[in-house]
Amino acid sequence: MVRVEGLQKSFGSNVVLRSIDLTVMPGQVVTIIGASGSGKSTLLRCINLLETPDAGHVWFHGKDLAAEHVDINALREKIGMVFQGFNLFNNMNVLDNCTLAPVTLKKMTKGQAEKVALANLDSVGLADFAGADVNTLSGGQKQRVAIARALCMKPDLMLFDEPTSALDPEISGEVLEVMRRLASQGMTMVVVTHEMAFARSVSDEVVFMDKGVIAEKGNPEKMFTNPEKPRTREFLARYL
Ligand code: ADP
Ligand code: MG
């Protein structure tokens, strides 16, 4: 689904990604962990070209996103992204948040888009909130709307950037539960998170980033019980 090879990115003299290689197979859940500033968000943003890499390649569905003839927008429509800060359109109700992109980008009729939106809102437990003003929702509800909205584009890949970091711990669970279900339904997911219990129980692979490099990656059992690198051990010790 995704192959990243030799990816490099700097902001001015700040080298943020040094040479990242990463493969995500269809149906896999890959979680990215690491300290603040290690380059996790920048890596996600390079995967859907919200940032332009300085060097290296990102392939999505076998297509090099940097190639000249590639229709980036068409590929990007197949990649859903969920951010820490929800990024909903606050001047629209829940349903309109979900139908805007399908109607404008996918050229669905309003009726088709609403049918898809209601099904996705139902799947995140918010069917009764379709007409609600986004501003009246709790953080957990907002994030579930953001997930439903992304799903309305029928993505092949979902990127999550610390989706629960802005939420109270007791609210995080309802969002993680939605993500857990999505994973079990076979969605391909790359998740940046500090929720180690989630990473351990849901991931196929855990990637530990440290200062712009992938310091270690492996299956969750190995990463959480017997990591090879001292840096990984040191990082994970903070969460025990
Ligand atoms: P993480 O998500 O792991 O916390 P980021 O990828 O957000 O890390 O950031 C890595 C580094 O890149 C930080 O030093 C951050 O300040 C810098 N950075 C990220 N985005 C930008 C940007 N748009 N402009 C300048 N510097 C940035
Ligand atoms: Mg980040």
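## N120 and helix 4

N120 sits in helix 4; helices here are DSSP runs of H or I with at least four residues, strands are runs of E with at least two, and both are numbered from the N terminus. N120 counts as buried because its relative accessibility is 14%. The classes are buried for under 20% relative accessible area, exposed for over 50%, and partly exposed in between, with a 1.4 Å probe and protein chains only. Leaving aside neighbours within four places in sequence, N120 is in contact with A148, L151 and C152, where contact means heavy atoms within 4.5 Å.

## Basis of the model

This is a predicted model, in which local features need pLDDT of at least 70 and side-chain atom pairs count only at pLDDT 80 or more, while totals for chains, interfaces and linings use all residues. Residues are numbered from 1 along each chain as its sequence is written, chains are lettered from A and ligands numbered from 1 in the order in which they are written, and side-chain values use heavy atoms, with hydrogens and water left out.

The mean pLDDT of the protein is 96, and 100% of its residues reach 70 or more; pLDDT is the predictor's confidence in each residue, from 0 to 100. For the complex, the predictor gives an ipTM of 0.98 and a pTM of 0.96.

The shell around ligand 1 is made up of F11, N14, V16, A35, S36, G37, S38, G39, K40, S41, T42 and E51, a residue being included if one of its heavy atoms lies within 4 Å. By class, this shell has 3 nonpolar, 7 polar and 2 charged residues. In this scheme Ala, Val, Leu, Ile, Met, Phe, Trp, Tyr, Cys and Pro count as nonpolar, Asp, Glu, Lys and Arg as charged, and the others, Gly among them, as polar.

Strand 2 (14–24) and helix 1 (40–47) are the elements that give two or more residues to the shell. Helix 1 gives the most, with 3 residues.

## Helix 3 and its packing

Helix 3 spans residues 94–104, and its buried residues are V94, L95, N97, C98, T99 and P102. These buried residues pack against helix 4 (110–123) and helix 5 (139–151). At the start of helix 3, a side-chain oxygen of N93 comes within 3.1 Å of the backbone nitrogen of L95.

## Loops with positive phi

Most residues other than glycine have a negative phi. K107, in the loop between helix 3 and helix 4, has a positive phi near 55°. K107 counts as exposed because its relative accessibility is 67%.

K154 lies in the loop between helix 5 and strand 7 (157–161). Its phi is also positive, at about 50°, although K154 is not a glycine. With a relative accessible area of 43%, K154 is therefore partly exposed.

S203 is found in the loop between helix 7 (196–202) and strand 9 (205–210). S203 is buried because its relative accessible area is 8%. Its side chain forms a polar contact of 2.9 Å with that of T31, and a polar atom of the S203 side chain lies 2.5 Å from the backbone oxygen of A199. Beyond four places in sequence, S203 is in contact with V29, T31, F198 and P220.

M81, in strand 6, counts as buried because its relative accessibility is 14%. Beyond four places in sequence, its contacts are L44, R45, N48, L50, A150, L159 and D161. E77 is located in the loop between helix 2 (72–76) and strand 6 (79–82). E77 counts as partly exposed because its relative accessibility is 22%. Beyond four places in sequence, E77 is in contact with L105, K106 and M153.

Key
Polar contact = N/O pair within 3.5 Å; in protein donor to acceptor, adjacent residues only side chain to side chain.
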